[in-house]
Amino acid sequence: MIRRINDTVTKHFQGNLMTYFFVVLFFMIGISSGAFMSKALTETENKELIAYMQSFFRMMDTKAINNFSILKQSLLNNFQTGIIIWILGITVIGIPIILLLIALRGFIIGFTVGFFVKQMGLKGIAFSLVSVLPQNILIVPGTIFIGALGIGFSLMLVKSRSRKNHQQSLLNQFFLYSTVIAIVHVFIAVGCLVEAYISPFFIKYISSFM
């Protein structure tokens, strides 16, 4: 059973190398753009973000963390992205929008980490490691996987138009596509739990040194 799963996963990646290449490429472009934008902020924008960051650290020191609220927001944000990609995968014109969504996710991460590092140096790196990295170990690969699946399904729709009896095949493929994406969302949900219940613990601890 495990060997069959490994073979299926290996074949999937081998058959979709170019798709994953472009998805990861757009994600990296997003990270680079976000990091660049964090350095291109105007003085006013910089002061506003610094003031917000300082108030955040003060709040972490004085107030209790609402973990459930963080969990709800994280699930909403990540599931919303995943569902939009799932829907876009059903359309032929959804490919560029999927790539833009992946790039946007990279942009947010790149901007956040870039700003922390710019303002706090080594402390910013340490803060990024505890506030951004833990949940994204699961969320980022999951989002990239869903993005590649969406693009792959969209491409399959184009190719299947020339085949006979493609409706039954499409139905089976759609069921498989939807099932796999639902399973990936389970892993993303675990990442959301990490963001809500584990990352805040480390953030609260490290905030006292900021």
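Me: On a 1 Å grid over the protein atoms alone, a pocket is an open set of points where a 1.4 Å probe fits, with protein on both sides within 12 Å along at least five of seven lines, and a lining residue has an atom within 4 Å of a point. With that in mind, which residues lie nearest the centre of the largest pocket, and how many residues line it?

Reply: The largest pocket has 37 lining residues, and T112, S131, V132, Q135 and E195 lie nearest its centre. Keep in mind that this is a predicted model, where local features need pLDDT of at least 70 and side-chain atom pairs count only at pLDDT 80 or more, while totals for chains, interfaces and linings use all residues. Residues are numbered from 1 along each chain as its sequence is written, and side-chain values use heavy atoms, with hydrogens and water left out.

Me: What volume does the largest pocket have?

Reply: About 1200 Å³, counted as the space filled by probe spheres set on grid points that are joined across faces, edges and corners.

Me: Which helix gives the most to that lining?

Reply: That's α5, with nine residues. At least two residues each come from α3 (43-62), α4, α5 (95-120), α6 (122-131), α7 (133-160) and α9 (199-207). A helix here is a DSSP run of H or I with at least four residues, and a strand is a run of E with at least two, numbered from the N terminus. By that rule the chain has nine helices and zero strands.

Me: What makes up the lining by class?

Reply: It has 22 nonpolar, twelve polar and three charged residues. Ala, Val, Leu, Ile, Met, Phe, Trp, Tyr, Cys and Pro go in as nonpolar, Asp, Glu, Lys and Arg as charged, and the others, Gly among them, as polar.

Me: Why is α5 called roughly antiparallel to α6?

Reply: The two pack at an angle of about 150°, with their axes 6 Å apart. That puts α5 roughly antiparallel to α6, because the label needs an angle over 145 degrees. The axes are lines fitted to C-alpha atoms over the stretch in contact, and the angle runs from 0 to 180 degrees between N-to-C directions. V113, F116, V117 and M120 of α5 make the contact (heavy atoms within 4.5 Å), and on the α6 side the residues include L122, I125, F127 and S131.

Me: Why is S74 called buried?

Reply: Buried means under 20% relative accessible area, exposed over 50%, and partly exposed in between (1.4 Å probe, protein chains only). S74 comes in at 3%, so it is buried. This serine is in helix α4 (residues 67-90) and, leaving aside neighbours within four places in sequence, contacts C192 and E195.

Me: And what makes L76 partly exposed?

Reply: L76 sits in helix α4 too, but its relative accessibility is 47%, so it counts as partly exposed.

Me: What about I90: why is it called partly exposed?

Reply: I90 has a relative accessible area of 34%, so it is partly exposed. Leaving aside neighbours within four places in sequence, I90 is in contact with F153, L157, F174 and Y177.

Methods:
Angles under 35 degrees count as roughly parallel, over 145 as roughly antiparallel, 65 to 115 as roughly perpendicular and the rest as oblique.
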